[in-house]
Amino acid sequence: MRNEKDNRELNMYSNSIKKALDECADIRILNPKTGETHEEKGLVIYNSKAEKFVALGNECLSFDGTNPDLKLVAPIVRGEIIDYVCTEQLFSWMYNKYVCKKHLFIKKSVLICVDEPVSPINIRAYEDAIILAGGGNFKDVQFMGASVTQRSDSMTWDECIEKALENRKDTGCVLRVTKNNPSGYARSFYQEYLDSCKRWNVVPEENII
C-alpha cells in the first residue's frame, strides 16, 4: 500500500502532467509541395541524469511521471517560447521527420504561423529556432501571427496561410503553432492566477472584471 509520501508524490506528478498538457501547443508542419500536414504535441521528455532527450511530440503522451530522472517539458506555453533548447530540438526533429528529404538540398523559404500573440523577442526566437532546425536549408523566414498580422474576421488562419503560399511559391515548409483545445490554455491562465493569489496571500475573486 502507498504511504502518505507516495501519494503526495503521485499527486505532484499527476498535476505536473496535467499542467504540461494544458500549456503545450499543438504543432503542425506542412509540406506545400505535397500538401501533407502532420501534427505533434509540443512536448519533450528530457532525462536530466543522462542529459538527453528520450521522447518528442506525440511520443510523450505515454509519460506517467514515475521515473524521477525524466521530466516532461512543454517548451512553448500559450505561444511563448519558454525553453529555447527544447523548442529547437522539437522543430529539428519534426523537420527532419516530415520535410527534410523532400527539399533535395534546394534552399527554400519557411513560414511560421503562431495563433497566439507573442512578444518581438519571441518572434526572433522562433525565427532563430527554425533556422537552426533547418540545418541551413532555409534562405529566409516569414512570420505570421496574432502579434503582427491584421487578420479580418472573415478569414481563418488556414486561409491566411493559403494566401501567403500563393504569394511565396518558394515556401518549402509551414510550421504552425496552435491549440486544438483552447480550454487548456484557459485552465493554465486560471491556475497561474490561483498560484499568484496564494503567493501574494490574496483571496481569489470569484468574478474578475
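Mentor: We'll go through salt bridges and then pockets.

Trainee: What should I know about the model before we start?
Mentor: This is a predicted model, where local features need pLDDT of at least 70, side-chain atom pairs count only at pLDDT 80 or more, and totals for chains, interfaces and linings use all residues. Residues are numbered from 1 along each chain as its sequence is written, and side-chain values use heavy atoms, with hydrogens and water left out.

Trainee: Great. How many salt bridges does a search of the whole structure find?
Mentor: The search finds 12. A salt bridge here is a side-chain nitrogen of Lys or Arg within 4 Å of a carboxyl oxygen of Asp or Glu.

Trainee: Which residue does Arg187 meet in a salt bridge?
Mentor: Its partner is Asp22, at 2.7 Å from N to O. This pair links distant parts of the chain, with Arg187 in helix α5 (residues 183-199) and Asp22 in helix α1 (residues 4-23), 165 residues apart. Helices (H or I, at least four residues) and strands (E, at least two) are DSSP runs, numbered from the N terminus.

Trainee: And is Asp22 buried or exposed?
Mentor: Asp22 is buried, because its relative accessible area is 15%. Arg187 counts as partly exposed, since its relative accessibility is 43%. The cut-offs are under 20% relative accessible area for buried and over 50% for exposed, with partly exposed in between (1.4 Å probe, protein chains only).

Trainee: What about Arg124, which residue does it form a salt bridge with?
Mentor: That one is Asp128, with the closest N and O atoms 3.2 Å apart. Both residues, Arg124 and Asp128, lie in helix α3 (residues 120-133), 4 residues apart, which is about one turn of the helix. Arg124 is exposed at 52% relative accessible area, while Asp128 is partly exposed at 31%.

Trainee: Where does Asp158 find its salt bridge?
Mentor: With the side chain of Arg176, at 2.8 Å from N to O. Here too the pair links distant parts of the chain: Asp158 sits in helix α4 (residues 157-167) and Arg176 in strand β10 (residues 171-178), 18 residues apart. Arg176 is buried at 10% relative accessible area, and Asp158 is partly exposed at 48%.

Trainee: Which residues are linked in a network of salt bridges?
Mentor: Lys139, Asp140, Arg168 and Asp170.

Trainee: Switching topic: how much space lies in the largest pocket?
Mentor: About 250 Å³. Of its 15 lining residues, Lys71, Leu72, Val73, Ala74 and Asp83 are the closest to its centre. On a 1 Å grid over the protein atoms alone, a pocket is an open set of points where a 1.4 Å probe fits, with protein on both sides within 12 Å along at least five of seven lines, and lining residues have an atom within 4 Å of a point. Grid points are joined across faces, edges and corners, and a volume is the space filled by probe spheres set on the points.

Trainee: Which element gives the most to that lining of the largest pocket?
Mentor: Helix α1, with 4 residues.
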